Amino acid sequence: MTGLADQAWFRDPALGRILALLNAGGGAGGGSDGGEGRVVGGAVRNSLMGLPVSDIDIATTLTPEIVIERAAAAGIKAVPTGLQHGTVTLVIDGKPFEVTTLRTDVETDGRHAKVAFSTDWKADAERRDLTINALYADARGEVVDLVGGLADIEARNIRFIGDAATRIAEDHLRILRFFRFFAYYGSGRPDAEGLKACAAARSKLKTLSAERVWSELRKLLGAADPGRALLWMRQVAVLTEILPETERWGIDAIPALVATEKALGWAPDPLLRLAAIVPPDAARLEALAARLKLSNAEAATLKAWAMAAPIDDEISSAAFERLLYRNGADGITTRLKLALGVARGKAEGDLSEMARSARLGKLLDRAMTWKKPQFPVNGADVIAAGIPSGPRVGELLDSLENQWVEENFASDRAELLARLQERVQ
């Protein structure tokens with residue numbers, strides 16, 4: 001059998017305490033009446049794929065009430081984070097472990113499921129979505145595969161458990177999860193049955209909450225390279241279903257952008273990738289943000305990009321400073337990153353594009369380190385110069401500021417106040 005006992009995360013004393021708690025009197029190597037706990041899902045999958053392990057989830061045959069009782073007796077903090085779904089979070093030294101009772105689906109409608117607690121490991125595995133997510137590791141670290149997940153991990157094949165259409169009908173979000181896991185863990189072509197089932201059910205994505213759709217899409221866009229997944233989503237019209245803005249814009253910019261991110265050490269940025277596949281149209285992006293219920297910060301980022309002025313890569317230093325002041329650095333930075341990705345994608349063997357890439361890179365460096373100059377005069381100064389409160393105060397301030405910017409911020413406060421006095425006399 002495949003084992004994980006030598007993995008550092010599995011040897012964590014805190015995890016050992018929890019598995020011992022859940023397997024007391026039963027479990028791996030014990031009797032049949034004391035219950036069992038096994039690590040499940042991402043920790044097992046990532047370990048087998050040689051990837052980092054973060055969250056550790058545990059499945060158990062014990063009911064949530066018994067888990068809480070055993071934790072209390074052992075002096076372990078138990079937080080009832082999802083009792084209706086059988087989940088209790090056990091916390092040791094500030095580190096949380098989600099413990100969930102085995103379940104079977106009683107009723108599903110594509111968005112929600114009513115579940116019943118179970119002690120049947122195979123039934124619990126078969127209600128999950130993908131084979132690579134339904135592997136268990138028992139208290140000895142031995143991997144238990146009840147759905148063929150080990151072979152799919154070896155082949156990096158993303159496959160639904162059992163009938164793909166049935167799994168999707170249980171929860172329509174699994175359409176996006178299929179492509180998200182393909183982006184992170186898949187290779188080659190997506191599983192044909194899964195692809196066909198996703199295409200057939202794509203209209204059901206409209207029944208999901210915007211929050212669930214955007215959360216899943218944001219994770220997908222945050223993959224090291226989401227390009228292949230986006231390509232297949234486009235091929236079967238799933239991408240158009242959730243992002244109709246991409247229909248005429250396309251996803252061609254993604255490969256060069258990802259290559260640029262890797263070359264320059266940029267962290268994957270879901271919003272930057274989103275900007276690469278939607279048009280810089282402020283009105284359409286405002287509608288997109290409302291439809292997907294983006295956060296205020298996310299919506300502002302897209303708006304700043306859409307509203308930012310176009311950038312000539314041969315712009316002078318002084319003019320670029322003025323552009324940054326009037327537009328803000330955020331939108332300009334996004335524009336430059338996207339332009340740099342395109343230029344680098346064309347640069348191989350093209351000296352003009354190589355030169356353009358170099359110029360864009362320098363502008364980007366300046367934009368990312370730019371600090372906005374503080375205009376030295378304010379409304380109180382205008383009023384002190386003898387102008388009553390009202391529109392005239394703002395008009396004078398704007399006029400002074402525009403001149404200050406055009407002079408590249410050269411005038412100091414004294415010079416501006418003198419100029420103000422001239423204008424009010």
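Q: A salt bridge is a side-chain nitrogen of Lys or Arg within 4 Å of a carboxyl oxygen of Asp or Glu. How many salt bridges does the structure hold?
A: The structure holds 24 salt bridges. The model is predicted, so local features need pLDDT of at least 70 and side-chain atom pairs count only at pLDDT 80 or more, whereas totals for chains, interfaces and linings use all residues. Residues are numbered from 1 along each chain as its sequence is written, and side-chain values use heavy atoms, with hydrogens and water left out.

Q: What makes Glu216 and Arg180 a salt bridge?
A: The closest N and O atoms of Glu216 and Arg180 are 2.5 Å apart, which lies within the 4 Å limit, and the pair is therefore a salt bridge.

Q: Why is the pair of Glu216 and Arg180 said to tie together parts of the chain?
A: Glu216 lies in helix H9 (residues 210-221) and Arg180 in helix H7 (residues 174-185), so the pair joins parts that are 36 residues apart in sequence. Helices are DSSP runs of H or I with at least four residues, numbered from the N terminus.

Q: Why is Glu216 called buried?
A: Buried means under 20% relative accessible area, exposed over 50%, and partly exposed in between (1.4 Å probe, protein chains only). Glu216 has a relative accessibility of 3% and therefore counts as buried.

Q: Why are Glu321 and Arg366 called partly exposed?
A: Glu321 has a relative accessible area of 22% and is therefore partly exposed. Arg366, at 26% relative accessibility, counts as partly exposed too.

Q: Which residues are linked in a network of salt bridges?
A: Asp313, Glu314, Arg356 and Arg359 are linked in such a network.

Q: What makes helix H16 oblique to helix H18?
A: The axes of H16 (residues 317-327) and H18 (residues 351-369) come within 11 Å and cross at roughly 45°. That angle makes H16 oblique to H18. Angles under 35 degrees count as roughly parallel, over 145 as roughly antiparallel, 65 to 115 as roughly perpendicular, and the rest as oblique. The axes are lines fitted to C-alpha atoms, for helices over the stretch in contact, and angles run from 0 to 180 degrees between N-to-C directions.

Q: Which residues of H16 and H18 meet?
A: Ser317, Phe320, Glu321 and Leu324 of H16 meet Leu363, Arg366 and Ala367 of H18, where contact means heavy atoms within 4.5 Å. The residues of this contact comprise four nonpolar, one polar and two charged.

Q: Why is helix H15 called roughly perpendicular to helix H17?
A: H15 (residues 296-307) and H17 (residues 329-346) pack at an angle of about 70°, with their axes 7 Å apart. This angle makes H15 roughly perpendicular to H17. Ala304, Trp305 and Ala306 of H15 make the contact with Gly331, Thr334, Arg335 and Leu338 of H17.

Q: Where is Phe409 found, and why is it called buried?
A: Phe409 is found in the loop between helix H20 (391-406) and helix H21 (413-424). Its relative accessible area is 16%, and Phe409 is therefore buried. Its phi, near 65°, is also positive.

Q: Why is Ala385 called buried?
A: Ala385 has a relative accessible area of 16% and is therefore buried. Leaving aside its neighbours within four places in sequence, Ala385 is in contact with Leu420, Gln421 and Val424.

Definitions and conventions:
Helix = DSSP H or I, 4+ residues; strand = E, 2+ residues; numbered from the N terminus. Nonpolar A, V, L, I, M, F, W, Y, C, P; charged D, E, K, R; others polar.
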